[in-house]
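Subject: Structure handover

Hi,

Here is the structure I promised to pass on. Please open it first, then read my notes below with it on screen.

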Amino acid sequence: MPSILSISGVEKHYNSGLSALGGVDLEVERGEIFALLGPNGAGKTTLISIVCGTVTMTSGTVLVDGHDIVKDFRAARATIGLVPQEIAIDIFATVWNTVRFSRGLFGRAPDPAYIEQLLRDLSLWEKRDSKIIELSGGMKRRVMIAKALSHEPDLLFLDEPTAGVDVNLRRDMWALVRKLRDKGVTIVLTTHYIEEAEEMADRVGVIDKGRILLVEDTAALMEKLGKRRLKLVLQHAMATIPAELADWPLELQAGGSQLLYTFDANAEGTGIPALLRRLGELGIDFKDLDTERSSLEDIFISLVERS
Amino acid sequence: MLRINRSGIWAIYRTEMQRTLRTVWQSIATPVITTALYFIVFGGAIGSRMQQVGGVDYGAFIVPGLMMLTILTQSISNASIGIYFPKFTGTIFEILSAPLSAFEAVLAYVGAAATKSVAIGLIILLTATFFVKVEILHPFWMVAFLLITSIAFSLFGFIIGIWAKNFEQLAMVPSLVVTPLTFLGGAFYSIDMLPEPWRTVSLFNPVVYLVSGFRWSFYGVGDVSVAASLGFMTGFMALCLALLWWMFRTGYRLKP
Ligand SMILES: Nc1ncnc2c1ncn2[C@@H]1O[C@H](COP(=O)(O)OP(=O)(O)O)[C@@H](O)[C@H]1O
Ligand SMILES: [Mg+2]
């Protein structure tokens, strides 16, 4: 069986002269949840828009389930469902009509039972006769998801699915995504939150400035990049780090009022208990402490340093 | 795999027609009232002084021109809004991502706009029969002209809808080009009544050919030959189709 999505040598230069993608190669495996992780402007939306047919590529080849997206666009596009980053629905249509419209548009025979189940799964059934204009932002987003799933796609794209989304919808969406994956649907989502990629994806592709920097199993990536930071807000600012603390790689921040300890989250002993003990012995008090995972920016810095 | 996405064409066509039906009374009342007004002003006031044009009662003489005038403006505005609006609101992404060829999308949008134009044309004709006695000598050609004009100008409107970057541009072509050409196109007079050089100048106005051919199908008289009318219409339609084909092929103002 051909892979569900195969992208090779895809470049995109917008008319403005901007080069959004500089030769992207990517294989997505059937049935996986794949996260495209990258900062704003990395080219995530451009890449999936090319696959879905809403942006034309400058050069390259894309195969969806073995079908070329240009030469065999019907077969390729019938396989794909897209939930774009921005909400865009005819605001005068009703929920039911707009979802039925999408199914028809993608060439599928009407199936009211399927659409009913879909709307129930997305908590939209009560709203089926409401006009889109009467719905809240979260509900509109649910409708966008229903439209994308209306024709039972094998490959679903979710572009920044949780941007500006409330907790309920986020939870429902992840439940739905897992349910779809269990049914064999392949899901490609884009995000700039590393936590989201870690939580959802089987594999992660890191993209920046129009290039894929690496593709890795989520667990392996987290292990590689799982740096964490302990931040201590000191009671009294200090000018230099005492020599007694030389065993730990520490940094002073915020004019000496914060002490920063970077450690490997996956290492056996993190050294935190010993550090805190030593601070106590030295009489260094702190008001507050906080740990954080290395940010996407840190990951890029370490990736760029390595390559 | 599916050769023609019939259900996709039908989905768009049906949605476009529903959009029209949401304002069905407005859609019917406007042409009825406008037609009645034209008959009162042109038919009543001018017609009482100018009994006949080319052997036809003035009231009856203006019916084909009036129909053409409305069909032209309605086709252009319906088709241009039909595609401009999804472009403006962003909902066009769904059409672009669907397994639908350019031809199928055009068929659905232009088909819906043309259907509405034909319906409005027939409503005007019906309204006119309450005011004057209308004869149709060549019913087949009458229907043919009605259909071709509706389709050709819906195609033209569709092109304007794709081309327009804002609402000003959307309104510009209809108001600055089409309306003047229509009024000077012999809808309310025969161009034979004009002095030279205006008569010759008029022959460069495309609308003259439409109105003349259409009027011929009613009364058997026209300003130019039927062949010229038909030739012009076909040429215009072919030009629109070629332009559209190019627009879709290059993604012109539809896809970045
Ligand atoms: N239609 C467009 N015309 C010109 N430049 C664009 C267009 N769309 C996106 N870009 C540019 O391409 C780059 C990648 O954008 P995008 O794919 O939206 O990134 P992401 O989704 O990762 O945030 C950005 O620099 C953006 O400004
Ligand atoms: Mg984006």
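Predicted model: local features only at pLDDT ≥ 70, side-chain atom pairs only at ≥ 80, totals over all residues.

**Where the chains meet**

Chain A and chain B bury about 2400 Å² between them, and 60% of that area is on carbon and sulfur atoms.

Why quote an area at all? The size of an interface is often given as the accessible area lost when the parts come together.

Two packed helices are described by the angle between their axes and the distance between the axes.

Which residues of α3(A) meet α1(B)? They are A:R100, A:F101, A:G104 and A:L105.

**The ligand**

Next, look at ligand 1. It lies between chains A and B. There are 13 residues around ligand 1, and A:G41, A:G43, A:K44, A:T45 and A:T46 come nearest. Which helix gives the most to this shell? It is helix α1 of chain A, residues 44–52, with three residues. The shell has six nonpolar, six polar and one charged residues.

- A polar side-chain atom of A:T45 is 2.7 Å from an oxygen atom of ligand 1.
- A backbone N or O atom of A:G43 is 3.0 Å from an oxygen atom of ligand 1.
- A polar backbone atom of A:A42 is 3.2 Å from an oxygen atom of ligand 1.

How much of ligand 1 does the protein cover? On its own, ligand 1 has 560 Å² of accessible area, and the protein covers 66% of it.

**Two backbone details**

The peptide bond from B:E196 to B:P197 is cis, with omega near 5°. You will find B:P197 in the loop between α7 (167–183) and α8 (198–202) of chain B.

In chain A, go to A:E152. Its phi is near 55°, a positive value in a residue other than glycine. A:E152 sits in the loop between α5 (137–149) and β7 (155–159).

Best wishes

Key:
Residues numbered from 1 in each chain as written. Chains lettered and ligands numbered in written order. Heavy atoms only, no water. Near = heavy atom within 4 Å. Polar contact = N/O pair within 3.5 Å; in protein donor to acceptor, adjacent residues only side chain to side chain. Areas by Shrake-Rupley, 256 points an atom, 1.4 Å probe, with all protein chains shown as cover. Helix = DSSP H or I, 4+ residues; strand = E, 2+ residues; numbered from the N terminus. Nonpolar A, V, L, I, M, F, W, Y, C, P; charged D, E, K, R; others polar. Contact = heavy atoms within 4.5 Å. Buried area = accessible area lost by both parts, 1.4 Å probe.
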